[in-house]
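My notes are below the display.

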Amino acid sequence: MAPNLSGNERVRRRSLLQFGAGGLGATAITAATLPLLGRGSLDVRAQEETPANPLETRPHEGHTPGMTVGDVDIARLGFDPSVLVSTFDYGEATTMADGSVVREWEIAAFDKEIEIAPGIFFPAWTYNGQVPGPTLRCTEGDRVRVHFSNAGTHPHTIHFHGIHPANMDGVFEVVEPRQTFVYEFDAEPFGLQLYHCHAVPLKRHIHKGLYGTFIIDPKQGRPPAQEMVMVMNAFDTNFDGDNEVYAVNTVGFHYQKHPIPVKLNETIRVYLVNITEFDLINSFHIHGNFMKVFRTGSDLERFEWTDNLMLCQGERAVLEMSFKYPGKYMFHAHQSEFAELGWMGMFDVREGLNA
Ligand SMILES: [Cu+2]
């Protein structure tokens, strides 16, 4: 049965999904009912109760792309997305007598207010003071040792994706404020992993900013490329379960205002992670080009060839592309709403990086 809702009832998109999961039963949202909901008396988008959102695009002259004005204070933020995008933290490496490598990191969780768009502040929980946390990088077979201390005000953990023992999974060993824990395991399998807090309620602990990228390189490496990391994230600034600001690497529109310089005809490799909370999917669309998509980065041979990739939360992919023509090329979520709320950037393709 389709829900008995009048045209005057105001239903937010998340209410619709809650109907599907609860009161209306498992069959409520089906291929048959969705078109009905879309074109019938219940127009979800038209009647959405939109909270006041300073990033919401308003009608304006010329229909120029909506974007924030000004810039965030990078010094106060404590990290620069233009630097973070190509920063990889290999930890403190020690080569043992048998030739094996141990890599160690110190990671502290603590609360910190961060500016996610000019004048918009978010009370984040961070790993090492940044969102996303540092991009940890090692090679398949390395011994990984992470010294974690909880300097925050809530219990936290670090849950790594990958193959490791249950007691290193960062789920049951909750680390209380002022306590520490050492995660130690062998890095496997190679690919693009991630890490995030697994304390409950999980959606709040993740959404507050406790996540980062964890790259395990294959022993033989990958072909040379200009490498970067992009974490698709979003922020629910009024804690109503809907995001108001979308980005890659936290600051909305950052790479639109500060395009990423890349060289003509040279391969770029993007380690792309989707950690967006509250939305079912996110996506990456590249303009004027196609890209190789290596899902989870766990296979060096097989790839998809596309200009648009959809990822669920926790999914990630290694993207490779090179540009045939110079100029500025947009990359953004293909959900227009996300793009207009900050998830928008640009590559500046040049003959030479110094040109
Ligand atoms: Cu947490």
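**Ground rules.** The model is predicted, so I took local features only at pLDDT of at least 70 and side-chain atom pairs only at pLDDT 80 or more, while totals for chains, interfaces and linings use all residues. Residues are numbered from 1 along each chain as its sequence is written, and side-chain values use heavy atoms, with hydrogens and water left out.

**Whole chain.** I looked up the secondary structure and found seven helices and 20 strands. These are DSSP runs numbered from the N terminus: helices are H or I with at least four residues, strands are E with at least two. Of the 355 residues, 49% are buried. Buried means under 20% relative accessible area, exposed over 50%, and partly exposed lies in between (1.4 Å probe, protein chains only). I then checked contacts, meaning heavy atoms within 4.5 Å. Among contacts with a separation of 6 or more, 71% join residues 24 or more positions apart. The accessible surface is about 16,300 Å², and carbon and sulfur atoms hold 54% of it. That area comes from the Shrake-Rupley method with a 1.4 Å probe.

**Cores.** A nonpolar core here is a set of buried Ala, Val, Leu, Ile, Met, Phe, Trp, Tyr and Cys residues joined through side-chain atoms within 4.5 Å. Which members of the largest core touch the most others? They are M230, F284, L319, F331 and F347, out of 32 residues. Strand β10 (residues 226-235) gives this core its largest share, four residues. I followed F331 further. Leaving out residues up to four places away in sequence, F331 touches a list that includes M230, V248, F284, W343 and F347. Apart from this core lies another, of 27 residues, with I114, F122, Y211 and V273 among them.

H156 sits in the loop between β5 (143-150) and β6 (159-160), and H205 in helix α5 (residues 202-207), 49 residues apart. I checked burial too. H156 counts as buried at 1% relative accessibility, H205 at 3% and C197 at 0%.

**Cysteines.** I counted zero disulfides, taking a disulfide as a pair of cysteine sulfur atoms within 2.5 Å. C138 is buried, at 1% relative accessible area.
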